[in-house]
Amino acid sequence: MARVRVPSLVVSFPTTAAAMACEECCRRRGLPGRMIPLPGEVSAGCGLAWKAAPAARDELAAALEADDVPVEGWSVVELLEFVR
(Lines give C-alpha, C1' and ligand atoms only; values in the text may rest on other atoms or scores of the structure.)
Protein backbone atom coordinates (compact mmCIF):
# COMPACT_ATOMS: atom_id res chain seq x y z
CA MET A 1 0.00 0.00 0.00
CA ALA A 2 1.15 3.52 -0.76
CA ARG A 3 0.10 6.95 0.37
CA VAL A 4 -0.73 9.34 -2.46
CA ARG A 5 -2.28 12.79 -2.63
CA VAL A 6 -5.86 12.68 -3.92
CA PRO A 7 -8.17 15.65 -4.62
CA SER A 8 -10.81 15.67 -1.89
CA LEU A 9 -13.87 17.80 -1.25
CA VAL A 10 -13.68 19.34 2.23
CA VAL A 11 -16.85 20.85 3.67
CA SER A 12 -16.26 23.10 6.68
CA PHE A 13 -18.76 24.19 9.31
CA PRO A 14 -19.21 27.19 11.61
CA THR A 15 -19.94 25.02 14.68
CA THR A 16 -19.45 21.50 15.96
CA ALA A 17 -23.24 21.11 16.07
CA ALA A 18 -23.40 21.85 12.34
CA ALA A 19 -20.68 19.26 11.66
CA MET A 20 -22.60 16.64 13.64
CA ALA A 21 -25.81 17.56 11.80
CA CYS A 22 -23.96 17.01 8.50
CA GLU A 23 -22.77 13.60 9.63
CA GLU A 24 -26.30 12.60 10.64
CA CYS A 25 -27.77 13.93 7.36
CA CYS A 26 -25.23 12.05 5.25
CA ARG A 27 -25.57 8.79 7.19
CA ARG A 28 -29.37 8.93 7.05
CA ARG A 29 -29.33 9.56 3.29
CA GLY A 30 -26.51 7.10 2.54
CA LEU A 31 -24.25 9.83 1.12
CA PRO A 32 -20.52 9.30 0.69
CA GLY A 33 -17.83 10.71 2.96
CA ARG A 34 -16.60 10.86 6.52
CA MET A 35 -15.82 13.35 9.25
CA ILE A 36 -12.16 14.44 9.51
CA PRO A 37 -10.18 17.05 11.42
CA LEU A 38 -10.10 20.27 9.41
CA PRO A 39 -6.98 20.20 7.18
CA GLY A 40 -4.43 22.95 7.69
CA GLU A 41 -4.98 24.16 4.10
CA VAL A 42 -8.50 25.26 5.06
CA SER A 43 -9.17 27.98 7.60
CA ALA A 44 -12.65 27.78 9.06
CA GLY A 45 -14.74 27.59 12.19
CA CYS A 46 -15.11 24.49 14.28
CA GLY A 47 -12.13 22.28 13.42
CA LEU A 48 -14.18 19.46 11.86
CA ALA A 49 -14.91 18.87 8.19
CA TRP A 50 -16.75 16.40 5.96
CA LYS A 51 -14.49 14.75 3.39
CA ALA A 52 -15.87 13.28 0.16
CA ALA A 53 -15.02 12.93 -3.50
CA PRO A 54 -15.26 16.23 -5.41
CA ALA A 55 -17.91 14.68 -7.69
CA ALA A 56 -20.27 14.38 -4.68
CA ARG A 57 -20.50 18.16 -4.16
CA ASP A 58 -23.89 18.76 -5.81
CA GLU A 59 -25.54 15.83 -4.04
CA LEU A 60 -24.08 16.86 -0.66
CA ALA A 61 -25.01 20.51 -1.15
CA ALA A 62 -28.62 19.63 -1.96
CA ALA A 63 -28.93 17.33 1.07
CA LEU A 64 -27.36 19.80 3.51
CA GLU A 65 -29.54 22.62 2.20
CA ALA A 66 -32.68 20.45 2.47
CA ASP A 67 -31.80 19.67 6.11
CA ASP A 68 -30.87 23.30 6.90
CA VAL A 69 -27.30 22.37 7.87
CA PRO A 70 -25.13 25.52 7.90
CA VAL A 71 -21.93 25.22 5.86
CA GLU A 72 -19.00 27.60 6.22
CA GLY A 73 -17.13 26.63 3.06
CA TRP A 74 -16.42 24.18 0.26
CA SER A 75 -12.82 23.45 -0.74
CA VAL A 76 -11.03 20.91 -2.89
CA VAL A 77 -7.62 20.07 -1.45
CA GLU A 78 -5.17 17.25 -2.05
CA LEU A 79 -5.13 14.94 0.96
CA LEU A 80 -3.07 11.83 1.57
CA GLU A 81 -4.88 8.50 1.20
CA PHE A 82 -3.78 4.89 1.20
CA VAL A 83 -4.13 3.18 -2.19
CA ARG A 84 -3.23 -0.29 -3.34
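This is a predicted model: local features need pLDDT of at least 70, side-chain atom pairs count only at pLDDT 80 or more; totals for chains, interfaces and linings use all residues.

How much accessible surface does the chain have, and what percentage of that surface belongs to carbon and sulfur atoms? The accessible surface comes to about 4,900 Å², and carbon and sulfur atoms account for 52% of it.

The mean pLDDT of the chain is 94, and 100% of the residues reach 70 or more. Among the elements, helix H2, residues 57-66, has the highest mean pLDDT, at 98. The lowest mean value, 92, belongs to strand E4, which covers residues 73-83.

Let me turn to the fold. The chain contains four strands and two helices. Of the contacts between residues at least 6 apart in sequence, 77% join residues at least 24 apart.

Next, the overall dimensions. For 84 residues, a compact globule would have a radius of gyration near 12 Å; the chain has 12 Å, and therefore agrees with that expectation. Along its principal axes, the C-alpha trace spans about 40 × 25 × 15 Å.

How many of the 84 residues, as a percentage, count as buried? The figure is 35%.

Finally, I come to charge. The chain carries 9 positive side chains and 11 negative ones. The centres of these two sets lie 9 Å apart.

That concludes my presentation. Thank you for your attention.

Notes. Residues are numbered from 1 along each chain as its sequence is written. Side-chain values use heavy atoms; hydrogens and water are left out. The radius of gyration is taken over C-alpha atoms; the globule rule is 2.2 Å times the number of residues to the power 0.38. Buried means under 20% relative accessible area, exposed over 50%, partly exposed in between (1.4 Å probe, protein chains only). Contact means heavy atoms within 4.5 Å. Accessible areas come from the Shrake-Rupley method with a 1.4 Å probe; for residues, only the protein chains shown count as cover. Lys and Arg count as positive and Asp and Glu as negative; His and the chain ends are not counted. The place of a charge is taken as NZ of Lys, CZ of Arg, CG of Asp or CD of Glu. pLDDT is the predictor's confidence in each residue, from 0 to 100.
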